[in-house]
Amino acid sequence: MTAVQIPQGIRIRRLRLAGVGRTYDVDFTAGGQVRNLSLVAGAFSSGKTAVLEFIAYGLGAKRHPRHQEILSKVRSCLLEVELSGDPYVIERSVGEPSKIAYIRGGTIDAPSLTPPEARRLDPPESLSSLLLSHCKLEGVQLREAPTQSESRTDPLSFRDLMWLTFLPNERVADKNFLFENDRMRKHKLRQVVDVIFGVHDDRAVELGNRIQALESRRNHAKNDLSAARAFVAEQDPSALNTDPTASNPAEQELADITAQLAQIDQHARAATDFAAGLRHSHQEAAKQARRTAAVVRDHETQLARMMPLRAQYVDDLLKLGMLAQAKQLFDPLRVTTCPACLNRLPAPPAAEAGHCTLCAHELQPTASTLTLGEAAQLSAPPEGQLDVAAEVRATKARLKEITAYIEDLGTSLSHGKLQAEQARLVEERAAAALDEATAPAVSTYLAARDELHRQREQALRRLEQARSTAKLQEGIAKRATAVARLEGQLTQLREELSSLGDATRDRDAVIGRVSARYGELLRAWHYPKVSLPRIGEDLTPFVRGESYHEASSGARTLLTLAWQLAVFEIAVESGAAHPGFLMIDSPQKNLGHGGTLDAVIADAVSISDFYDHLAAWLGDRGVRAQLIVADNSPPLTVEDCVVVRYSRSEDHPPYGLIDDETESADTRT
């Protein structure tokens, strides 16, 4: 039986952009296994390039795509990867580029068993360090001036390695493909190529430094593990001797107790079924007692409200009586001062000979014998007069009704209290009868139930203790895994250092292999009049004896693709320290899609030749390599490799990467 080969390095499994209420996913797997060739196809401006850029962002790039639909819809980027065969999820926030990445084991859809680990993008103990450790490149230092032994060094970053794993659209066919306009970046690119093939300067010194750094980290991890074990031994000595994967007997005990409690309840109900009539009688008596008590409370409330109202009506009658007496005792008009000159009158105004002595106004015949106050009262408008006798009669009638209602309430309250007391006594007798009938049958079950509850509490305490022990064991296992990983890396580096004298690969030989593959690719793609294809010592691609800078736009597309693929293929075939995946954006640039058409190259070169080579080469690699290509219109021969196709048409979903941001949505906005 052939053993399954575990791929080293990094593989891209899934990309998920999480928004508010929904997600946008791209899956690079088939049947749970990573596809060795995945195509993201579709129309221009539909999000193909954004897919590759978000993958790079998940792997530590400083920026992510900032299209308006992305900023308005997406909140975080989750990238599911395989690191040396084990699945991990890397999450970074979207909006303002995050300097922190959260990493957890498992897949995107599977719940995390452990909290995610926060890592910065750059060393030490960073996302870059983690990714480089799975490429056998952790701790590599790059000299700023390789010819000077005292030169300053910078740690290798995974972003530097991305130059060999991601060929973006702007670098395809670019005359600055090898960063010729930036001396430091060009120098670092050459160092990165040398590092992955193990032919960079001072290889032995660099390996010794890495071994020394790893030994220091290994010793620190061992001390951390020892301290954790000492703490666990102090808190729970049994945790060091128990198997964390073994099932806990307390869980089974809890399940058994729960089943026994259910069985006891069933038996208790069966044993007391004979008392169903008594229970019904008790329930009815209790209802009647509650009902009569509610009636009594209602009557008492009504009485409490009516008594103050009756007292108010009695007070109103007294006031009306006083008002009637006042009209008889006091003259309603007492004028002593002239309203015109304000001098005191010699005599009070009166009615004499049918005229008013104050204003000489002629009075009504019936008022000629009245006093002036009585005459004024008769001449007043009707609405200003108060009929005291009528008010007294109405008030007395209402007082009589309230008094009769209060007396009825008092009679009903006395009767209600008697009924409530009788109902309470009936309910007590029914309860006593029910208890007397069921107590002998239930008492046995109650004792057993109490015992089971006591056992259940003990089992719960043991289970909680077991869970605490499991957490302690998980912490120890995590630290032990870190120590084992560092030990494995040290073993590999020591073996590499010991065999360095016999197996050091000459840089010229590596460049020669890459150069030969570069020429093979151009011939396989039917590059017109191909002659003298080679890669220079400074990594510059040549064809026809001239640098790629002198080629046409379409020719530069093929030359840059051939250079990138040649380095990738030779690295994979030789087991070099390459991550093992490559992303290419717009391989048909200047060949008829996405740019200025180079008619000569487009007529001579078939894009099918490009994909035929990829399919044939990947077919022999198995899980050792992965290619992801974003292309407008890949040929039908690789249709099975298309993982998603964006139409940019609402009639043929998906519209794009952000598939709910369509033209109609833009119009509504």
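**Reading a helix pair and a pocket**

Modeller: In this predicted model, α12 and α13 are oblique to each other, because their axes form an angle of about 130 degrees.

Biologist: What describes two packed helices?

Modeller: In general, two packed helices are described by the angle between their axes and by the distance between those axes. Here, α12 spans residues 507–524 and α13 spans residues 553–573, and their axes lie 8 Å apart. The crossing of α12 past α13 is right-handed.

Biologist: Which residues of α12 and α13 make the contact?

Modeller: From α12 come Arg513, Val514, Arg517, Tyr518, Leu521 and Leu522. From α13 come Leu558, Leu559, Ala562, Trp563, Leu565, Ala566, Val567, Glu569, Ile570 and Glu573. By class, this contact of α12 with α13 has twelve nonpolar residues, four charged and no polar.

Biologist: Let us turn to pockets. How is empty space found?

Modeller: A probe the size of a water molecule is rolled over the atoms, and this shows where empty space is left. In this structure, the largest pocket holds about 1,300 Å³ of space.

Biologist: How many residues line the largest pocket, and which lie nearest its centre?

Modeller: Its lining has 36 residues, with Glu117, Lys478, Arg479, Thr481 and Ala482 nearest the centre. The lining divides into 13 nonpolar, eleven polar and twelve charged residues.

Biologist: Which element gives the most to the lining of the largest pocket?

Modeller: That is α10, with ten residues. Elements that each supply at least two residues of this lining include the strands β7, β8 and β9 and the helices α3 and α6.

Technical notes
Residues are numbered from 1 along each chain as its sequence is written. This is a predicted model: local features need pLDDT of at least 70, side-chain atom pairs count only at pLDDT 80 or more; totals for chains, interfaces and linings use all residues. Side-chain values use heavy atoms; hydrogens and water are left out. Axes are lines fitted to C-alpha atoms, for helices over the stretch in contact, and angles run from 0 to 180 degrees between N-to-C directions. Helices (H or I, at least four residues) and strands (E, at least two) are DSSP runs, numbered from the N terminus. Angles under 35 degrees count as roughly parallel, over 145 as roughly antiparallel, 65 to 115 as roughly perpendicular and the rest as oblique. A crossing is left-handed if the near helix is turned anticlockwise from the far one by less than a right angle, and right-handed if clockwise. Contact means heavy atoms within 4.5 Å. Ala, Val, Leu, Ile, Met, Phe, Trp, Tyr, Cys and Pro count as nonpolar, Asp, Glu, Lys and Arg as charged, and the others, Gly among them, as polar. On a 1 Å grid over the protein atoms alone, a cavity is a set of points where a 1.4 Å probe fits but cannot get out, and a pocket is an open set with protein on both sides within 12 Å along at least five of seven lines; lining residues have an atom within 4 Å of a point. Grid points are joined across faces, edges and corners, and a volume is the space filled by probe spheres set on the points.
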